[in-house]
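Welcome! Here is a friendly walk through a model, with the cut-offs given as each term comes up. Please have a look at the sequence and the structure first.

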Amino acid sequence: MIWGIIRRKVISPKVLGESVQRIRPAVSVSGPQCYRTMRKEALLIGQGFDCVQKSGYHILLGGHAHSTRREVTALFQTEHSVRLKNRSFSSDSGDIVAAVVPFMGESITDGTLATFLKKPGDRVAVDEPIAQIETDKVTIDIVSPEAGTIQEFVAKEGDTVEPGTKIAFISKSGEGVTQAPSENAAAQPPPPEQKESVEKQIPKAETAPVKEKIKEPPPSQPKAKGTSPPPKATASEPQLPPKDRERRVPMTRLRKRVATRLKDSQNTFALLSTFNEVDMTNLMKLRSDYKDAFVEKHGVKLGLMSGFVKAAVSALQSQPVVNAVIDGEDIIYRDYIDISIAVGTPKGLVVPVIRNAENMNFAEIEKDINTLAKKANDGSISIDEMAGGTFTISNGGVYGSLLSTPIINPPQSAILGMHSIVTRPMVFGGNIVPRPMMYIALTYDHRLIDGREAVFFLRRIKDVVEDPRRLLLDI
């Protein structure tokens, strides 16, 4: 005889009986068959099963089987075998569902529960975010699997969680949910009766010495003759600020990751920077002349970043070693160009990637930049959108930076730094005229890239930006 036990709290025969009654006529057995319900389990007994495929319960011959999984199981007979299909629930009653940590990416095994967006007792809709997980690269939302009311949180902020970890229970009906106490109620003083009882519990003996000290301060003792005053603090002793004026805040996982990668870059690469300056007159005039027509046709504004991306593509094609990388004792040359764009967000620095930039025009580049920057700022950017990249552009000029030496984004070999545009007096055509000028910097791995290639690369950036017609003529 084969006994199959389904561990499941059954409230009424309707919960499990429907599945059992549905299969009874379909199961052809030679012996007696029945089902009955107990307090915490439903028991199916039958004879003559040739083959049983199991999922979620255990099968023993002539014995008693227990299973700790809470599942509803349906049996279906096909010729000489019995097949199982099951559906998991999150609670005994079926009213409570659990919100769990989702899959966060192949390279991410865990994350930190950063903050709860809801409180116990709050109503939530399906797929509404209730908490956020911080990983090494992105911030991921935990959403509600069902519409209902948050019953309780089973994890705390700051916990390290893995995919599949339960962080909250949600009641679909809202029954049995304790509303979170309001701040006003917490701030109200206790009732008078409770206050009197509290005062009675405090011994009077504890307050008496305090009153005596207040009423009768100790008389000042006359200074003894021949005694010297206590030594004053010397100027060499450090005067430390009080600890109550300091705040200790743990680093986010994203900030830890950025710090680790930047330090690894300094420890691994032979960093060297070279500089040049670019006259932005022609690129800014091109943008001013065609901005309205560009928006009308492509639905996106023409910015300066697309011009620098196109210039970087041209420079990388002319100096392929800048697009290469050292791997052990080999050099890997890439025949594709993926441009990483450094974006500063309130939560930290992220670097989304424009794929195959060598095949894109100005409009496609602008659309990609706008889409990735928006996702980066609202925290919805994915791991795949930041993976890879062969060369990075960092625009510190949007924050007012005049000059800087950017750090390489591993495992790339170089990074271009853009800076603010400043009108300066320049010699043009034998005359001193005001021109909008920008300093540009290239930081590169000197183990792979020589100064000659770096200077030629930066010179190509300068030529293309100062005369965008070179892109059209490919010269």
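Patches are made of residues with over 30% relative accessible area and no salt bridge, where like charges are joined within 9 Å and nonpolar side chains (Val, Leu, Ile, Met, Phe, Trp, Tyr) within 5 Å. A salt bridge, in turn, is a side-chain nitrogen of Lys or Arg within 4 Å of a carboxyl oxygen of Asp or Glu. Accessible areas come from the Shrake-Rupley method with a 1.4 Å probe, and for residues only the protein chains shown count as cover.

The model is predicted, so local features need pLDDT of at least 70 and side-chain atom pairs count only at pLDDT 80 or more, while totals for chains, interfaces and linings use all residues. Residues are numbered from 1 along each chain as its sequence is written, and side-chain values use heavy atoms, with hydrogens and water left out.

With that in hand, a nonpolar surface patch is formed by Phe275, Leu402, Leu403 and Val422, which together have about 330 Å² of accessible area. Leu403 sits in the loop between strand 22 (391–395) and strand 23 (414–428); helices (H or I, at least four residues) and strands (E, at least two) are DSSP runs, numbered from the N terminus. Its relative accessible area of 47% makes Leu403 partly exposed, a class that lies between buried (under 20%) and exposed (over 50%), using a 1.4 Å probe and protein chains only.

## The nonpolar core

A nonpolar core is a set of buried Ala, Val, Leu, Ile, Met, Phe, Trp, Tyr and Cys residues joined through side-chain atoms within 4.5 Å. The largest one here has 70 residues, and those with the most contacts inside it are Ile130, Ile167, Phe308, Phe391, Ile393 and Ile461. Helix 7 (residues 304–318) supplies the largest share of this core, nine residues. In soluble globular proteins, nonpolar side chains tend to be buried together.

What does Ile461 touch, not counting residues up to four places away in sequence? The list is Phe308, Ala311, Ala312, Ala315, Leu416 and Ile440, where contact means heavy atoms within 4.5 Å.

## A buried asparagine

Asn323 lies in the loop between helix 7 and strand 16 (325–327). Is Asn323 buried or exposed? At 2% relative accessibility, Asn323 is buried. Beyond its neighbours within four places in sequence, Asn323 contacts Leu316, Arg334, Tyr336, Ile337, Thr390 and Phe391.

## Salt bridges

The model has twelve salt bridges. In one of them, Asp289 pairs with Lys285, and the closest N and O atoms are 2.9 Å apart. Both residues belong to helix 6 (residues 281–298), where they are four residues apart, about one turn of the helix. Asp289 is partly exposed at 46% relative accessible area.

Arg459 and Asp463 in helix 9 (residues 451–466) are also four residues apart, and their side chains meet in a salt bridge of 3.5 Å, N to O. Arg459 is partly exposed at 41%, whereas Asp463 is buried at 19%. Arg452 and Glu453 form another salt bridge, at 3.5 Å from N to O; here Arg452 is exposed at 54% and Glu453 is buried at 16%.

## Strand pairing

Two strands pair if DSSP finds at least two bridges between them. Strand 15 (residues 271–279) and strand 24 (residues 431–445) run antiparallel and are joined by nine bridges, with Asn276 partnered by Ile440 of strand 24.

Strand 23 and strand 24 are also antiparallel, joined by 13 bridges, and Phe428 has Asn431 as its bridge partner. These two strands form a hairpin with two residues between them, and Gly429 in the turn has a positive phi of about 65 degrees.
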